[in-house]
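Subject: Structure handover

Dear colleague,

Please find the structure below, with notes on what was found in it.

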Amino acid sequence: MEFKTALFYVFAAIMILASLRVITARNPVHAALFLVLAFFNAAGIWMLLEAEFLAIVLVLVYVGAVMVLFLFVVMMLDIDTEKLRENFWGYLPVASFVGVVIVLEMAAVLWRSFLTFDQEVANPNNIGGTKELGLLIYTKYIYGFEIAAVVLLVAIIAAVALTLRKRKDTKFFDPADAVRVKRNDRLKIVKIDPVTTRGQAETEVKEAP
């Protein structure tokens, strides 16, 4: 067995174990950390395939940005994990059915590609370079790339719309109204006559028997 093959099996085994721990860990912070571990091992497999650009993108974008943000959100939110896991095993039949369908689809695609694996890479020395990847994305896969961009844009707009909605249990104010407020609107000075109760208290003391 070659050294690269041994590394592939090590990375693949760790990634599978980390993926299983993502869905079985009770603590959401631990699940997010296991997902980070799975991403690192996937990046290692990309490096073995000489796709350095994809490996770096996976580490920088998903581990360095998306997962760190997700980890901070999970740590800041007070999530009741016990309540979320009340009906966890109730979804097992549906989840098992979906998992079996996905495995069969992937097996069909891989088996077909193994039977007709007679393609050659145009430039195998630059398979992980940005130039070849950019040419493929913006020529052959341009429609898929644009559809993915539109889907992400819709997701961003939906996230912003959800944060801007008015809720009854939270206080909401319009920033434009706060900016337009003048000094006289913030503070109002009212003149009143001075009232002293010291003299009245002394009179009451003297009149007391």
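Helices (H or I, at least four residues) and strands (E, at least two) are DSSP runs, numbered from the N terminus. The expected span of a helix is 1.5 Å times one less than its number of residues. This is a predicted model, in which local features need pLDDT of at least 70 and side-chain atom pairs count only at pLDDT 80 or more, while totals for chains, interfaces and linings use all residues. Residues are numbered from 1 along each chain as its sequence is written, and side-chain values use heavy atoms, with hydrogens and water left out.

Helix α2 covers residues 28–48; at 1.5 Å a residue its 21 residues should span 30 Å, and its end C-alpha atoms lie 31 Å apart, which agrees. After α2 comes Glu-50, with a positive phi near 65°.

Buried here means under 20% relative accessible area, exposed over 50%, and partly exposed in between (1.4 Å probe, protein chains only). The buried residues of α2 include Val-29, Val-36, Ala-38, Phe-39, Asn-41 and Ile-45. Their cover includes α1 (3–24) and α3 (52–76).

Ala-38 of helix α2 has a relative accessible area of 7% and is therefore buried. Which residues does Ala-38 contact, leaving aside its neighbours within four places in sequence? They are Met-15, Ala-18 and Ser-19, contact meaning heavy atoms within 4.5 Å.

On the α3 side, the axes of α2 and α3 come within 9 Å and cross at roughly 175°. That makes α2 roughly antiparallel to α3 (angles over 145 degrees count as roughly antiparallel, under 35 as roughly parallel, 65 to 115 as roughly perpendicular and the rest as oblique). Axes are lines fitted to C-alpha atoms, for helices over the stretch in contact, and angles run from 0 to 180 degrees between N-to-C directions. Among the residues making the contact are Leu-35, Phe-39 and Trp-46 of α2 and Leu-58, Tyr-62 and Phe-70 of α3.

As for the whole protein chain, its secondary structure comes to 10 helices and zero strands. Of its 209 residues, 11% count as buried. Among contacts between residues at least 6 apart in sequence, 59% join residues at least 24 apart.

Regards
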